[in-house]
Amino acid sequence: MGETARQREGETGLLSPPSAPADAPPRPLAPSSARRLRGSGRWSGSLVVGLVILLAVLLLSVVGGWLVDPKDGIVGAVTPSQPPSARFLLGTDSQGRDVLTMLVLGTPQTIRIGLTAGVVGVAIGLVLGLLSGYFGGWFDGTVRVLSDALMTVPGIAILLIIAINVGHMTPFLMGLTVASLSWMYPTRSIRAQVLSIRERPYIAVARANGASEAEIVFREVMPNLLPFIAASFVGATSGAMLASVGLEALGLGTNDVHTLGTMIFWAQKYSAVLRGQWWWFGPPIAMIATIFIGLFFVSAGVDRFANPRLRQQT
Amino acid sequence: MSLEYLVTRVGQLLLIVFIAVTVNFLIPRAIPGDPIESALQTRIAMTGSTDVNVQEVAAAYRAKFGLDKPIWVQYLNYWRDIFRLDFGVSLVDFPQPVISKVQAALPWTLGLLGVSTAIDFTLGTLLGALAAWPRAPSFVRGLLPPFMLLSAVPFFLLAIVLLSIFAVELRVFPPGGGFDPVRIVRFNLPTIVDILYHAILPSMSLVLGGIGGWALGMRAMMVSTLGEDYITFAEAKGLPARRVFLWYGMRNALLPQVTRLAVALGSILSGAVLVEAMFSYPGLGGLLVGAIAGKDYFVIQGIVLMLIVSLALSLFVVDLIYPLVDPRIRYQR
């Protein structure tokens, strides 16, 4: 009942006639989709490009972690406001910290925040989506109304209220904070898929064979959800990382751990842009942009598995 | 439009407002410690000022909120204050009421957001439709990939890059703010020009980052619309290409775009707040940065509430005018 015409239309698009029933499940997934995900030579180009970009970022931060001295990331460790040179490859900030060191230490933290929130968000989404899609009833109604309502709220507003009330922010707590709003899309996409899987003949066969509800959920429904779980995970991780970088740039991040977002915050606070210190604000921006472009390619690639309809349109 | 739909939709609006107010009320109370006193203490430790009497202000707040009363009484009182538009007073600019600060900032945010979204929606939709149109000039298709990459980058990072290029290196645009600080803001032409001049860079960062998403969605819809039989028929009939493109193609592919606009407004608003923060724009985002830096707790709460409620209201309006955009939509189940 809580579903509006807008959301209904958003799910089905114009590809189905407007007179289709509101709760029509999305088009059934081709049965071979799970096999395709395991890679029978059908890896899409953009997925590979995205994964290569993300692996390069990870490699850079791991290798860089061996080469830099974490002490150079502490205020006053090196000569302040130096442009890039042989001694300081990416220069130093006005607080006397080495930019390369902060970048190398900050990148894995930002990724960790995104992954934490992605895992938590998808886990919640999986449980809620399975329960509400498979069993329906009042639980389904509540979950749907709540996730609809939260999806239309500007995320930053709720996250702000949580973040300013967290006494001592750590990357893990930041991950949990942004996870509080990263479960709605996974819930909805998994629920929609469960609705469609529930009606398949093999579920009826399993039930006729005397399988318990739990067995059906875990052995018949779950494996067919894998592509959707993968797609939701990429989406949730990227959304959460975006939110965390934003909160940190506003000054709600960790003070004692470097992340890409807090680097932006300090650069902004000490007017690095107005002072023309491009080597200070440039590297974190470039790194964040690279990560998001990588995620963009990965999600475009994963969507092809999760949404066979996309493959037909060039 | 059926009455049932209207009732459901109003219910959803009320639910969002209810969640916003309840979250605003509950979360500070769920965290151990006295938020008011600790916020005041932090502020005083930070500014080193002694002209605010912590105990006095905190006591005033406690009496006002009735913090000694049971929690449900506090909750009801909280609602009563909201209905009176009483969000407390600013701790930084004590005793200026929060509502006056938020009220002054809101038009800036709505103006910047409204104009930028209108521009990037129009340009992006047009670009996407042209990219699917076989007779479009070939450079149009070349525009798509760069805009899609830009759309993957957060708005506020584009803002910093634009700021550094156009305001610091080239010095063609002002480096922030909503108007010239020495200007007396009145309703006359120079003021309007000045405000527009200051709005160009912030809105450019929203537009550049927004076009790609709209173009991508529109292109997909347009590809499937152009495959329809009535397009072939219109072409066979000898209709001019422009007419087929605009009225047979775009007109029918447009609806999911409007849908997406309604769904995306929340994240656009979040992005705009951050862009404002980067430009010290006088909207809610600019206000927010100062409030966070100064731990101005009640101002932050006021901004949060205002963000949620104004977005919920605009979505409500969008939903109601929806059947006007496309008569195929009828609100029924």
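Here are some notes on this two-chain predicted model, point by point.

1. **Ground rules.** Residue numbers start from 1 along each chain as its sequence is written, and chains are lettered from A, ligands numbered from 1, in the order in which they are written. Since this is a predicted model, local features need pLDDT of at least 70 and side-chain atom pairs count only at pLDDT 80 or more, while totals for chains, interfaces and linings use all residues.

2. **Confidence in chain A.** The average pLDDT (the predictor's confidence in each residue, from 0 to 100) is 81 for chain A, with 84% of the residues at 70 or above. A contact here means C-beta atoms, placed from the backbone, within 7 Å.

3. **Make-up of chain A.** Chain A has 13 helices and zero strands. Of the 314 residues in chain A, 47% are buried. Buried means 20 or more other C-beta atoms within 10 Å of the residue's own, exposed means 12 or fewer, and partly exposed is in between, with C-beta atoms placed from the backbone. Among contacts in chain A with a separation of 6 or more, 72% link residues 24 or more positions apart.

4. **A covered helix.** Have a look at α11(A), residues 260-269, where nine of the 10 residues are buried. Among them are A:Met263, A:Phe265 and A:Trp266. The buried residues of α11(A) pack against α4, α10 and α12 of chain A, together with α11 of chain B.

5. **α8(A) on α10(A).** Helix α8(A), residues 184-198, packs against α10(A) at about 160 degrees, with the axes 9 Å apart. Axes are lines fitted to C-alpha atoms, for helices over the stretch in contact, and angles run from 0 to 180 degrees between N-to-C directions. That makes the two helices roughly antiparallel, a label for angles over 145 degrees. The crossing is right-handed, as the near helix is turned clockwise from the far one by less than a right angle. On the α8(A) side the contact includes A:Tyr185, A:Ile190 and A:Ile197; on the α10(A) side it includes A:Leu225, A:Phe228 and A:Gly235. By class, this contact has nine nonpolar, five polar and no charged residues. Nonpolar covers Ala, Val, Leu, Ile, Met, Phe, Trp, Tyr, Cys and Pro, charged covers Asp, Glu, Lys and Arg, and polar is the others, Gly among them.

6. **Between the chains.** The contact takes 49 residues from chain A and 58 residues from chain B. On the chain B side, the largest share, 14 residues, comes from α11(B). That side of chain B has 44 nonpolar, nine polar and five charged residues.

7. **Two positive phi values.** A:Ser271 has a phi near 50 degrees and sits in the loop between α11 and α12 of chain A. A:Ser271 counts as partly exposed because it has 14 C-beta neighbours inside 10 Å. In chain B, the phi of B:Arg171 is near 55 degrees, and this residue lies in the loop between α7 and α8. B:Arg171 has 9 C-beta neighbours inside 10 Å, so it counts as exposed.

Conventions. Contact = placed C-beta atoms within 7 Å. Helix = DSSP H or I, 4+ residues; strand = E, 2+ residues; numbered from the N terminus. Parallel < 35°, antiparallel > 145°, perpendicular 65-115°, else oblique.
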